[in-house]
Structures are given as C-alpha cells and as structure tokens.
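Work through these exercises with the structure open beside you. Try each task before you read its solution.

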Amino acid sequence: MTSDAKLDPTATKVSSRLGVSTASGDLPQTASETTRLTVINPFALVASFPKATPEALAFLESIDEGDLRYLLFDDTLSIVSSDTGKVVGEFQMSVTFGGGKRHPMLTVKASSTGTVDSVPCGTSITARLTPQLETLEQRIHEYVKLDGYLLDRVTDVIKERENYAIYRVVTKGEKQEKTESTAGILNMRGFISEGANLLLQKLFVKKGVPDNAQFITMDYDAAICHVVYKALGQQVELIGETEIMARGIERIMKANKDAPVICQSFYDDDGHLLSRVQIDAPVRMKLLTPLVKTKDISTTFMTTDAASTRTIDWENDLQLYSQYIDRKEELVAGHMTYINQTEAVRQMMADFMQALLLDKPSDVTTFAAQYFSFHSSEGPEVFQGPKRERAASLSYSNPIGLKQTNSPLDEHVGSE
C-alpha cells in the first residue's frame, strides 16, 4: 500500500491490490450481496513483530521547524506509459502547514487520475501529520471503473489516545466488505504512512538517508511490514530540453505476502519531484516541462499593485488560518492580562454591567453612551431612563450602590 505504487493509475495493479482480476470471467454477474464487517488484527499476517530501528526513530525526532521549508510546495507530474511515452494521466501533490503553535500540523494531499487501456482509475491520499511525520489521520481512496463494474477501496488510519484505528471499505461491484483493526501506539513507533512517505523522501534529499534506518508501514493487506530507503546517488534527468542533476531515493516495502515493492524517485536539489517509477509497472511519473520556481513567500513582499488585486481565501488556507488563530490567541491573552492587572478597568466594567442589568434597557448603545457621559470630565449631557435620579446621586466607584456585592463579570474576570 505504498504511495509510490498506489499513485500509479494502472488498472491491473489497482485491481489486483483489491483482490479482483480484470478478466471479464472473474466479474460477478449476480445481484447485490450484503455488506460484511470483519474485525482483524493488523499483525496477524506478520511472522515476527516488525519494529523501526533506533536510527529511523532518531531521524524522525531530528526533524525541526527549519526542515519544513523543504516541504511546503506543490508538485505536478504527468503519468506516461512506459512503453509508448504517451501521457495517460496526472499526479498532483500539495503540502500546507497549519494548526497554530500549540498543535502544528502538516496536511498532505496527493492524487493521481488516468485512463489505462480505456479503463478510468485513480488514487487519492489525504493525510495530516505532525512536523515529525507522525500520522494523525489519513484516508486513501483507490478506484478502478471497469465496464459495468466498480472496484473501490477506502482505507482510513486514525490516531486515537492509545491506539491507531484502521478502517477499510472494499467495494467489488455490488458487494461491500468492511474491516476494522487497531494497533497500539507504542507498537507503531516509526510508522510511515503513505502521506508521510511523500515528505520523508524529500527530507532525505536535504538531510541524507541515515544508515540502518528501517521504518514500518502497512502493505496492501493493511498488515504491518518493514520499509527501507537508500540513496541512489545522482543522475541527469531530461526535463523538456533541459538537463537537471537529480538525486535518487529508492524505497523497498517488504510486503508480508507478496514480493517486495520497489519504487525509485528522483528529486532536484530543492526537493521537487522530477520522476518516479515502480519497478515492473507499465506507467511512470515524469515532469515534462521545467519548473518555474518562485521565491520563498516568507521573504518576499508583494508590491502595492499586486497586493490590491490579489484575493486571498485565508479561511481555507491552513497556513494563513493558523496565523490568524495564533494572532487571535495572542490578542485575547494580552487583553485579559491588562484587565486582570488594572483594577480601575475591572471596577468600571463591573459597575457598568450592574447598572445595565438593573435597568435592562432595550437600546443598550444609547444607555452606554449616556451612562459613560455621566462620568466624563465635562459632566453628564443627559442621562435618561427609569433610574436617572438615582444614577445622578451615585459616585463613580459605585454607580448602583452595591459595591460590597461582586457582579457576575467580577467573578468571570477573576476566574480567568
């Protein structure tokens, strides 16, 4: 269940991973079948429990905020036939950062869609990860649309308090099968999900592949297995008419039932994906036109004209939204600190709330204007309302004569 293999939209590959041959004789011709739910053990197919090596864990722990700048950009590649070179689909990947200072989070979205031998197929991955590539949640959706028959699989991995929960829904025509399983958090140390794999290889390009680094992942049957990486050195990649020196990373997933799945990926010095191929696969991914790179947004400022014409959807941009949340929390904390440390403000707010609750005016804005004009240095203009006479006789510090009683606002502010 590697992202490298999954993102190759090959009908035969995907259908075989779903456990169904594409041969027409294997397709059921019967009516709908009931949905089955099976609870499985993700380690049941493992002869010996796989564990990540200390070197792998140390690499993940070494990832810091500075490393994230190598990850926060998009990649778009064409999917081409290995035999003819014809474009049969497209691969897209994006990475964003959000969650604020308290809960920093990377969101990875990757998808491939294509048509192989007139068969539409594809895969999508959405994963949310910590900066150290620990998977918080991930969804993988695979499909193959044969003539009158759908092969579809959805796999969800969700980190809970003590376990990882794994849910799978496999649809074969009108038959649907659901499975559920759990794996202990401690057993999953060094787990590299498909979304994490896409980022881990980019970090290897910048930081190097550590010796003896063996991680764990899930194979096509959702069984835990080992996965290892090794550097392939440099080679020239031809992008359009431009030659680019690329760095290669090989990934070997040691599936429990099948032969190892080997994928080779090549990146430029900045970590942009240039090509990817799964050994023995009929398609490969390749960048066909040179990249047009832009400057780092953290050190680039827009001109006035550009800023005035650009529309920013900040609420749906995880990075901008997290900055908004951080700033909001900072302002709220500053406001509460000022209120708690300034007795005059606390008293004024408490007194006003008491006066407001006593009169219960329908027009709060006018009441507030008249109330505070009464305490201005120039004296009150007009203080209308049923308690006018009483208010005129009250001092600034006790406008309703109940100084000895704490107001609800007093209690609220004091509790902050």
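This is a predicted model: local features need pLDDT of at least 70, side-chain atom pairs count only at pLDDT 80 or more; totals for chains, interfaces and linings use all residues.

**Exercise 1. Confidence**

Solution. Now find the stretch. pLDDT stays under 50 over residues 5-34, and the model has 83 contacts beyond four places in sequence for them. Next, look at residues 295-310. Here too pLDDT stays under 50, but the model has four such contacts. Last, take the chain as a whole. Its mean pLDDT is 76. Of its residues, 71% reach 70 or more. Confidence is highest in helix α3 (residues 54-62), at a mean of 94. It is lowest in helix α5 (residues 304-309), at 40.

**Exercise 2. From β11 to β12**

Find how β11 and β12 are joined, and name the bridge partner of Val228.

Solution. First, locate the strands: β11 spans residues 224-239 and β12 spans residues 242-254. They run antiparallel, with 13 bridges between them. Then pick one bridge. Val228 is partnered by Ile252 in β12. Finally, check the turn. Two residues lie between the strands of this hairpin. Gly240 has a positive phi there, near 65°.

**Exercise 3. From β12 to β13**

How many bridges join β12 to β13?

Solution. Go to β13, residues 261-267. Seven bridges join β12 to this strand, and the two run antiparallel. Now look between the strands. β12 and β13 form a hairpin with six residues between them.

Terms used: Residues are numbered from 1 along each chain as its sequence is written. Side-chain values use heavy atoms; hydrogens and water are left out. Two strands pair if DSSP finds at least two bridges between them. Helices (H or I, at least four residues) and strands (E, at least two) are DSSP runs, numbered from the N terminus. pLDDT is the predictor's confidence in each residue, from 0 to 100. Contact means heavy atoms within 4.5 Å.
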